[in-house]
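This briefing concerns the packing of secondary structure elements in a predicted model. Please examine the structure below before reading the points that follow.

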Amino acid sequence: MTDIPAPLSQNVDKICLDDRVIYLVGTAHVSAQSVELVENIISQVSPDAVAVELCEGRFRSMRDPDRWKNTNIVTVVREGRSHVLLAQLMLASYQRKLGLKLKIKPGAEMSAAVHAAEQLGVPFFLADRDIGITLRRAMASLGVVGLFKVLYSGLAGMLQKPQEVTEEEIERLKSTDALEEVLREFGALLPNLRRTLIDERDVYLAQKIREVNGKRIVAVVGAAHVPGIKRHINTPSDLGPLTIVPPKSLTLRAIGWSIPLLIVAGLVYGLATSGAGTFTRMLTTWFWITGVAGALGAAVVRAHPLTVAASFIAAPVAALHPLLATGWISGLVEALVRKPRVCDLETIMDDMSSVRGMLSNRVSRTLLIVATTNLFVMVGMIFGAKEMLSIANEQAPASVVAPPQSPTPSETPG
């Protein structure tokens, strides 16, 4: 069978690639109609192989939904992966909440595709890039301004009353015109994020689908990726550059080192020009401003008193070292003092849907503590440096007073 059955032609593209035929199925991840479409197209096409928009990690999560229970939060914080895990949890929680409303499990169409392939006895292939790499590349691409935009949008979304989303709206968004409108708005707001989450994965998915063996292949992907895959499917691509997590930009690294160096230089300058008293005032000012900022960053998300104290003590020192982060220390202390319970990992998907739930769950609260403490300390560093500069200027030695000029002849007493 080489033609798309008429009832299934909507949201299915037939692509001829050399001597192969690829049936590209565009789906919504919370759509019962997408599940039915996937099952019907695989049944009627009888493909030699099935490709799905899943990576190894997401596939394991799909097969073992309780794997969150094995999360070691201490290891996550120690390895600096807390922001990635927090992003994963927020995304998974949103999809789950939407799925509950529409009475369907998120990603059910991918599960249906894998199950249908197994029933037919044909191989299935995981065609998506590892989600950890995608999220880390996304974080690296955002920069400070973009990261603040995302955090603001996420928090604002949790605080606002959610808009009603119907299954009809989900199905409408699968159409080309509606998708292009949404993606254009997304790209205008956060172009770097769109490039990482959509454009790069279009290239990756297209290449992985190209590599699948078989005369007839069914590829099941999110509808947002269909236009990009169709553009790239005929061109071989080198995926190496897309699987590398880029290091921090030279600009960010320079800023990370220059601020502590400038602060230390300011302390040395104050000591050299104005003496030990000015040096002590500057150091004390730095200690109190950054320490209070770190403590507030932990306290604002209801951290344990010991965590607040640890943040207060650690912030003045960690803020001067580019390879340390007060949030890591705060998160480790919180995870050790308030060890995550089994119930925290069992309910985390539900708890992530509201600020109150995130603050009551020990896992999500620990991740928030890492983020908010680092954010507050960053602000504290700015104010601390400003106050230190003011003290240095106040105590700067006065300019040398010029000696009085000799009186002019006309002013000489007779």
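A crossing of two helices is called right-handed if the near helix is turned clockwise from the far one by less than a right angle, and left-handed if anticlockwise. In this predicted model, helix 12 passes helix 13 in a right-handed crossing.

**Helix 12 and helix 13**
- Helix 12 spans residues 276–299 and helix 13 spans residues 305–318; their axes lie 7 Å apart, at an angle of about 145°.
- On the helix 12 side, the contact includes Trp286, Phe287, Trp288 and Val292, while helix 13 contributes residues including Val308, Phe312 and Pro316.
- Sorted by class, this contact comprises eleven nonpolar and five polar residues, with no charged residues.

**Helix 2 and helix 5**
- The axes of helix 2 (residues 56–63) and helix 5 (residues 108–120) are 11 Å apart and form an angle of about 85°.
- The two helices, helix 2 and helix 5, are therefore roughly perpendicular to each other.
- Phe59, Met62 and Arg63 of helix 2 meet Met110, Ser111, Val114 and Glu118 of helix 5.
- Four nonpolar, one polar and two charged residues make up the contact of helix 2 with helix 5.

- Five strands form an open sheet in the order 1-2-5-3-4, and their pairing is mixed.
- Strand 1 (12–17) and strand 4 (124–126) are the edge strands, each pairing on one side only.
- From one strand to the next, the twist averages 20°.
- Strand 3 (residues 49–52) and strand 4 run parallel and are joined by three bridges; Val50 stands opposite Phe124 in strand 4.
- Helix 9 (residues 191–210) lies across strands 1, 2, 3 and 5, and runs at about 145° to strand 2.

Conventions
Residues numbered from 1 in each chain as written. Predicted model: local features only at pLDDT ≥ 70, side-chain atom pairs only at ≥ 80, totals over all residues. Heavy atoms only, no water. Axes fitted to C-alpha atoms, helices over the stretch in contact; angles between N-to-C directions. Helix = DSSP H or I, 4+ residues; strand = E, 2+ residues; numbered from the N terminus. Contact = heavy atoms within 4.5 Å. Nonpolar A, V, L, I, M, F, W, Y, C, P; charged D, E, K, R; others polar. Parallel < 35°, antiparallel > 145°, perpendicular 65-115°, else oblique. Pairing = 2+ DSSP bridges.
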